[in-house]
Amino acid sequence: MPKPLPLPIRVLVKGASTVIAMSEVGAPREEFTFPRAIEATLLQAGHPVDVHTFGVASERTKTTLRTWESEIMAWSPDVVILVYGHYESIHFILPWWLERHANSLRRRPGKVRETYRARLLRPIWMALAKLQAKLDLRLNSLMFASRPKRVAADLERLITHASGVSSPLIILLELLPPTGKGRSWFPGMTERIDMMNQTIAAMVARLDNPNVRIFPVSDAVTRHVPEGENPTPDGFHYTATLHREVGKELAAEILSWVEKQPHLQL
C-alpha cells in the first residue's frame, strides 16, 4: 500500500506588473518575485505547494472579471492573492490605452513599425506625458474620485465570486506610492494611491469576512528595507529584497491559515 501524499496548497496570484516585475533588470536567476518566494518558503517549511501566477503589465482591475472563471473557478485555489488598483492610480488625464500602446511589451519588430514608434508615437507620448505632469501639479489630483470606487466595486465582485468557490483565503496587497522618477512623472499619484488604499480597505472592512484580508506592504518595508533605501528604485516595482521578504511573510500568513484547514494537513 503506497504512502498517501498530502495535498499541495494551491495559491493563485493575480495582478499587474507589480506581481511579475522587479526594479532590478537582469537580476540573478535565484532572485524571485514574491509569488515564487511564497513557493520557495512553503517548500522549505516542508509543505507541498502549487503556485499559479497571472500577471499582465498595465492590467486593469475590471479585466479580472473576464477571466475569473478559467483562473479561479476552474482551478479552485486554496489561496487567492490580488494586487490591483495600482495602474488605475497612475494617470491623471491620459487614456490608459494610449500608455499601453506607447509602451507595450508586445510590440513587434519591423522597419515601418520602428519608424512609426520613433518618429511619431514616442514624441507624441512624451509631449502628452509632460503636459499631464504639469496639470497633475496644478489641478486637484483627486478630481477623478470615482476611479477607486470602481476598482473597489470590481474587486468586491471578484471576491464574491471567488468566495463561492470553496471559501479560499483571499489576500489583497496594500499599494505602495511612487518614488523617484515615478513621482516626478505622476506628481498626484501618491494622493491617488492613498485614496485607493483607503477605498479598498473600507470595502474589505464592510465585507467583514475573516478569509478576506489586506496585507500591509508598507509594514514589510519598515521591517526589511533599511532607512534611506528605496524599496521601489524604478518608481513602482519592488526590489528583489522586498519581493523576497513579502513572499516570506505571505507564506507565514498562509501557513497560519492552513493549520485550520483539515484537507491541507500533513
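# Contacts, sheet and salt bridges

Reader: Which residues does Arg60 touch, not counting residues up to four places away in sequence?

Author: With those sequence neighbours left out, Arg60 touches Tyr84, Tyr87, Glu88, Trp96 and Arg100, where contact means heavy atoms within 4.5 Å. Arg60 itself lies in the loop between β2 and α3; helices (H or I, at least four residues) and strands (E, at least two) are DSSP runs, numbered from the N terminus. This is a predicted model, in which local features need pLDDT of at least 70 and side-chain atom pairs count only at pLDDT 80 or more, while totals for chains, interfaces and linings use all residues. Residues are numbered from 1 along each chain as its sequence is written, and side-chain values use heavy atoms, with hydrogens and water left out.

Reader: What makes β2 and β5 the edge strands?

Author: The open sheet has 5 strands in the order β2-β1-β3-β4-β5, with parallel pairing, and β2 (49-55) and β5 (212-215) each pair on one side only. From one strand to the next, the twist averages 20°, with axes taken as lines fitted to C-alpha atoms (for helices over the stretch in contact) and angles between N-to-C directions running from 0 to 180 degrees. Helix α2 (residues 34-44) lies across β1 (9-15), β2, β3 (79-83) and β4, at about 175° to β2, whereas helix α3 (residues 64-73) touches β1, β2 and β3 and makes about 160° with β1.

Reader: Why is the meeting of the Lys14 and Glu71 side chains called a salt bridge?

Author: The term requires a side-chain nitrogen of Lys or Arg within 4 Å of a carboxyl oxygen of Asp or Glu; the N to O distance for Lys14 and Glu71 is 2.6 Å, and the pair therefore qualifies. Lys14 lies in strand β1 and Glu71 in helix α3, so the pair ties together parts that are 57 residues apart in sequence.

Reader: Are Lys14 and Glu71 buried or exposed?

Author: Buried means under 20% relative accessible area, exposed over 50%, and partly exposed in between (1.4 Å probe, protein chains only). Lys14 has 1% and is therefore buried, and Glu71, with 10%, is buried as well.

Reader: How do you know that Lys248 forms a salt bridge with Glu245?

Author: The closest N and O atoms of Lys248 and Glu245 are 4.0 Å apart, which places the pair at the limit of the criterion and still within it. Both residues lie in helix α10, 3 residues apart, or about one turn of the helix. Lys248 is partly exposed at 38% relative accessible area, whereas Glu245, at 15%, counts as buried. Together with Glu31 and Arg244, these two residues are linked in a network of salt bridges.

Reader: What makes Leu120 count as partly exposed?

Author: Leu120, which is placed in helix α5 (residues 111-138), has 45% relative accessibility and therefore falls in the partly exposed class. Ala153, in helix α6 (residues 146-163), is also partly exposed, with a relative accessible area of 43%.

How values were computed: Pairing = 2+ DSSP bridges.
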